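Here is a quick tour of a model, taken one piece of the fold at a time. Keep the viewer open and follow along.

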Amino acid sequence: MQQISESERILMKIIWKKGGTALFSHIMEELKAEQNEWKNNTVLTLLSRLVSKNYLKTSKIGRRNEYIATISEQEYQAVQTHGFLDKVYEGNVKNLVTTLLRQDILTEQEWTEIEAFWKEAKGGE
């Protein structure tokens, strides 16, 4: 899966937020609501790149394009997480968690939530 730019990710977040499909006009409305002043051509170029990278496909509704995500936000996060883990920690999850704990990135509350999630996922052990 190809990497996407931060600008492309912003557009994907809008489409995911809209349930995985959005018309160009809805994307532009959301960008405006977020105080983002990108021009139409900029957004069209970014959407075109996302289509060519297979993150989006298009469907015609009359003369309008509907943009449809081909990957969910959760799938994207999983792919990116695995890539980060492999690249930075050579796939070693323990080293990642150790860094999170030693640098006080992971709070005690978050750790407690993770432990509870882990126990539930393991069947309440």
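Which residue takes a positive phi just after helix 6? That's Gly123, with a phi of about 90°. Bear in mind that this is a predicted model.

Helix 6 itself covers residues 108–121.

Three of them form an open sheet in the order 1-3-2, and the pairing is antiparallel. Strand 1 (21–23) and strand 2 (56–61) sit at the edges, each with a single partner strand, so one side of each has no neighbour in the sheet. From one strand to the next, the twist averages 25°.

Strand 3 (residues 64–69) runs antiparallel to strand 1, and three bridges join the pair. To find your way around here, look for Thr21, which stands opposite Ile68 in strand 3.

| Helix | Strands touched | Direction |
|---|---|---|
| Helix 1 (residues 6–17) | strand 1, strand 2 and strand 3 | about 90° with strand 3 |
| Helix 2 (residues 24–33) | strand 1 and strand 3 | about 90° with strand 1 |

**A stop at Ser59**

Over in strand 2 you'll find Ser59.

What does Ser59 touch, leaving aside its neighbours within four places in sequence? Its contacts are Arg64, Asn65, Glu66 and Ile68. Ile68 is also the residue that Thr21 stands opposite. As for Ser59 and Thr21, they are 38 residues apart in sequence, and their C-alpha atoms are 9.8 Å apart in space.

**Helix 4 against helix 5**

Last stop: a helix pair. Helix 4 (residues 73–89) and helix 5 (residues 93–102) pack with their axes 9 Å apart, at an angle of about 85°. That angle makes helix 4 roughly perpendicular to helix 5, because anything from 65 to 115 degrees falls in that class.

Which residues meet there? Helix 4 brings Phe84, Leu85 and Tyr89, while helix 5 brings Val93, Asn95, Leu96 and Thr99. Sorted by class, the contact has five nonpolar and two polar residues, with no charged ones.

How values were computed. Residues are numbered from 1 along each chain as its sequence is written. This is a predicted model: local features need pLDDT of at least 70, side-chain atom pairs count only at pLDDT 80 or more; totals for chains, interfaces and linings use all residues. Side-chain values use heavy atoms; hydrogens and water are left out. Axes are lines fitted to C-alpha atoms, for helices over the stretch in contact, and angles run from 0 to 180 degrees between N-to-C directions. Helices (H or I, at least four residues) and strands (E, at least two) are DSSP runs, numbered from the N terminus. Angles under 35 degrees count as roughly parallel, over 145 as roughly antiparallel, 65 to 115 as roughly perpendicular and the rest as oblique. Contact means heavy atoms within 4.5 Å. Ala, Val, Leu, Ile, Met, Phe, Trp, Tyr, Cys and Pro count as nonpolar, Asp, Glu, Lys and Arg as charged, and the others, Gly among them, as polar. The expected span of a helix is 1.5 Å times one less than its number of residues. Two strands pair if DSSP finds at least two bridges between them.
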